[in-house]
Amino acid sequence: MDRETAEVEDNADATQQDDGGLVAPQDIQAAQTVLKRLLDELRRAILGQDELLELVVISLMARGHMLLEGLPGLGKTELIKSLSKLLGLEFRRLQFTPDLLPSDIVGSPILEENQHGARSLVFHKGPIFANLVLADEINRASPKTQSALLEAMQERRVTVLGETHPLPLPFFVLATQNPIELEGTYPLPEAQLDRFTFKLSVHNVSSSTLQEIISTRQHGRPPELEPVVDALELENLFDKVDAIHLPDAVSNYIARLVTATHPDRDDAPEVVRKFVKFGASPRAAIALAGTSRAAALLAGKPNVGFDEVKKVAGSVLGHRMILDYAARLEGWTPQKMIDSLLEQVPEIGRHLPEDLAPADG
Amino acid sequence: MDSADQWIDKFLKRVRIGEFLKHAADFSAVFLFTFGTIVLLVKLLMPALWPHVLWLALGALPTMIAARWYVRRDWCRRDESVAMLDNALQAGGLLMTLHERPDTNWKQQLPQLELQYQQALPKYRPRRFASFVVLPLIFAVASCFVPLRAASSASSADNHVAHRATEELEELLAALNEAPVLEEQEQEQLEQELQRLADETEKTPLTSENWETLDALRERMQIRLDSTEMNLTKALEAAGQLKQSGADGEQLTVEQKLRLEKNLTSALKKLQNKGQFKNAPAELQKNLLELMKDGQLQLPQDAAQRQQQLENLQKHLDDELRKLDKIREQHNCGQCRGEGQRDGRSESGRNGRGEQGQRQGGNSSQSQNNSRPGSGGINRGRGDAQMSWGDESDEQGIKFKERLLPEGLQEQPKDEVKGIKASAPDVDPATAATRGLAREGGPAAGETTTRRRLSPKHRAAVRKFFGKADP
């Protein structure tokens, strides 16, 4: 544990100091340093995906679950494995297959005999009882199995035979899926998708990055990584994120942005009314606010600004908006729709009067 | 209050002024349009209220108060102005945060330069205000400069015209009575009808029936005037010829002499019946009584005495004719006909009187035509005058009830002698052709136009129009 991390711990109680209750500048700086270090280590493991890595860290700080979507071989699984190493948390990997059962994930009660000869059902925890769960190729399991994750992801607990078992905290589900191999797959239902805070698309890397990969990674082996953040530090960082101030104007912007995704609203933009079938849920607004706070902390700010909201809006809202077939025919994608929304929904609800000219510059 | 708060207040003030300008433009436009419309309506419909309408301009003050009240309902809040200023400063939400949660540590991170705040303030550009207000303002100001409409109604104008027309007729009647031209019974009858017409048009608008009555009365008086003038002229001409035959020693045949004496007698009788000789000198009246004994003209046998009596008679008749001319000139009676009669009379051999009469007639006609359009005998005022309708009948036509019209009058034909010839009368073919064509104006059936016989003159005109050398 280095000096900055120690500072974070020492100042943990002092985050709500001062008259306004904002996180102290030095605390913000210390947290930002830790996150930067985590990010740097991730960058060392995954090359050429800086923006993706930032969003992954943001999602992690927002205590959100994450769905990575991309072609095979782009490093989705490697990213999550690297993250687990850097966080020093308990990590489990679940390879989703069509014959995977819910009990294979959450565990099941097994009849056991104790030393006195008495028999009882003893719950054997499944692989989901870990801090970091990698659900690899999640769309290959049946919807029944996918649904086993619903309660775990939302409530952070599992219920088996009427008995509820809390999951260890922090708890993250990091899932991957392949968008092209549709045969023998089960697309995630909307309810399941809604529980993922972020859905990130992993894109291909540039040729220079590819050259760096083949030059530095023999047999594709990643570099050796050491944990940079432990569970306690992570808790402190979570507290910092929670202490990030969300101004009223920004929360109003988030609310208007999410509302604008609903086609049945009168104030929805024309493209939304034309191409969107279902808009984002209130859970999306909550996720947007939480991830914006994490983004602000990563940027070293005590408050959320409009820029942070715009930065995470695409990853939060994209998989929560259901476009209709007309949108597909017209070439509209969720990301394109979000970009259009960000252009059309003003940051501040009130416009500058027409008889006033905007400020210089 | 620190520096940031002051700038927030300034920003808020500007935004609120901008919002006020927006609503003030809307309210002002409505007010100015309303004001202009009211001014216009008052000037056109109720000119008497015009000076008082200007007080409505004070309505601009409550309009502005209403605009301010309206804009205050959705007034820009301070936190909204903070957000806008934060955005303009590109402070990343820190200004908003510190506004909600003041923090001394983070306050130092805010922009410290006054110039940054100054540049972040919005500038006044009241283009929308101007675009909304200019047109209504021009309309309102222009409506104030619209001239007031004359404060008169159609009915009062009609009544005024009727009153004037009735007065003219009464003056004419008085003049004719003084001449005298009318018989006593006829004069009373005309007076009664004029009085009835004046009563009718005093309160009610002038109708077409009143106009008809006016025209009929005027025409009746003109006919009496013409009749009297014709008798005077006839007597004057007969007396003149009798006198001239005596003076020049010209021997008239017995038949001619008898005819002249008969004409003179009948004319003098008619004039006497109308009291034409009441104003004559007593000696002339006495002579006339002697001359008209037994209903026949008995001129003295003495040539000198006869010449003297005829000269006196001629002089009196000439004076009476002058009076009638004066009446005609003063009351504009029968412009064309009077002119024609005077021309005809001038040709009849009155000594020196024809040219004078023609000159007077020409002058009076010219002066009348200069002041009034048209040259017809009976007119209904200026040709460009506004026509008065009113009291139109409804669909069932029940407006037209049976009503006794004024007594009809038949124009007396001119039984004047143009000349006496032993040969057959000359017939002017052109005049005859015109009459013939006029008679063709009866009901027409199909192909009437194509079958109509064209006169040679008409054929020439057609040929000339189409430029054909040969038919």
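How many bridges join strand 1 (residues 66-70) of chain A to strand 9 of chain A, and do the two run parallel or antiparallel? The first legend gives the answer; the views that follow are taken from a predicted model.

**View 1. The open five-stranded sheet of chain A.** Strand 1 (residues 66-70) and strand 9 of chain A are joined by five bridges and run parallel. Within this pair, L68(A) stands opposite L200(A) of strand 9. The sheet as a whole has the strand order 2-5-8-1-9, with parallel pairing. Its edges are strand 2 (91-95) and strand 9 (198-202) of chain A; each has a single partner strand, so one side of each is left without a neighbour in the sheet. On average, neighbouring strands of this sheet are turned by 20° against each other, direction ignored.

**View 2. The hairpin of strands 3 and 4 in chain A.** Strand 3 (residues 107-113) and strand 4 (residues 119-125) of chain A pair in the antiparallel sense over seven bridges. E112(A) stands opposite S120(A), a residue of strand 4. Five residues lie between the two strands, and in the turn G117(A) has a positive phi of about 90°.

View 3. The peptide bond leading from L169(A) to P170(A) is cis, with omega near -5°. E137(A) has a positive phi of about 50°, although it is not a glycine. Most residues other than glycine have a negative phi, and most peptide bonds are trans.

**View 4. The contact between chain A and chain B.** Chain A contributes 33 residues to the contact and chain B contributes 39. Between them the two chains bury about 3000 Å², of which 55% is on carbon and sulfur atoms. On the side of chain A, the residues that lose the most area to chain B are R350(A), D355(A) and L356(A), together 26% of what that side buries.

**View 5. Polar pairs and contributing elements at the interface of chain A and chain B.** Four salt bridges are found across the interface. One of these joins the side chains of R350(A) and D74(B), at 3.1 Å from N to O. Counting residues at pLDDT 80 or more, 17 residue pairs are in polar contact between chain A and chain B. Helix 2 (25-45), helix 10 (248-259) and strand 12 (356-357) of chain A are the elements that give two or more residues to the side touching chain B. Helix 10 of chain A provides the largest share, three residues. By class, this side of chain A has 18 nonpolar, six polar and nine charged residues.

**View 6. Strand pairing between chain A and chain B.** Strand 12 of chain A pairs with strand 1 (residues 123-124) of chain B in the antiparallel sense, over two bridges. The bridge partner of A357(A) in strand 1 of chain B is K123(B). Strands of a sheet pair through backbone hydrogen bonds, either parallel or antiparallel.

Key: Residues numbered from 1 in each chain as written. Chains lettered and ligands numbered in written order. Predicted model: local features only at pLDDT ≥ 70, side-chain atom pairs only at ≥ 80, totals over all residues. Heavy atoms only, no water. Pairing = 2+ DSSP bridges. Helix = DSSP H or I, 4+ residues; strand = E, 2+ residues; numbered from the N terminus. Axes fitted to C-alpha atoms, helices over the stretch in contact; angles between N-to-C directions. Contact = heavy atoms within 4.5 Å. Buried area = accessible area lost by both parts, 1.4 Å probe. Polar contact = N/O pair within 3.5 Å; in protein donor to acceptor, adjacent residues only side chain to side chain. Nonpolar A, V, L, I, M, F, W, Y, C, P; charged D, E, K, R; others polar.
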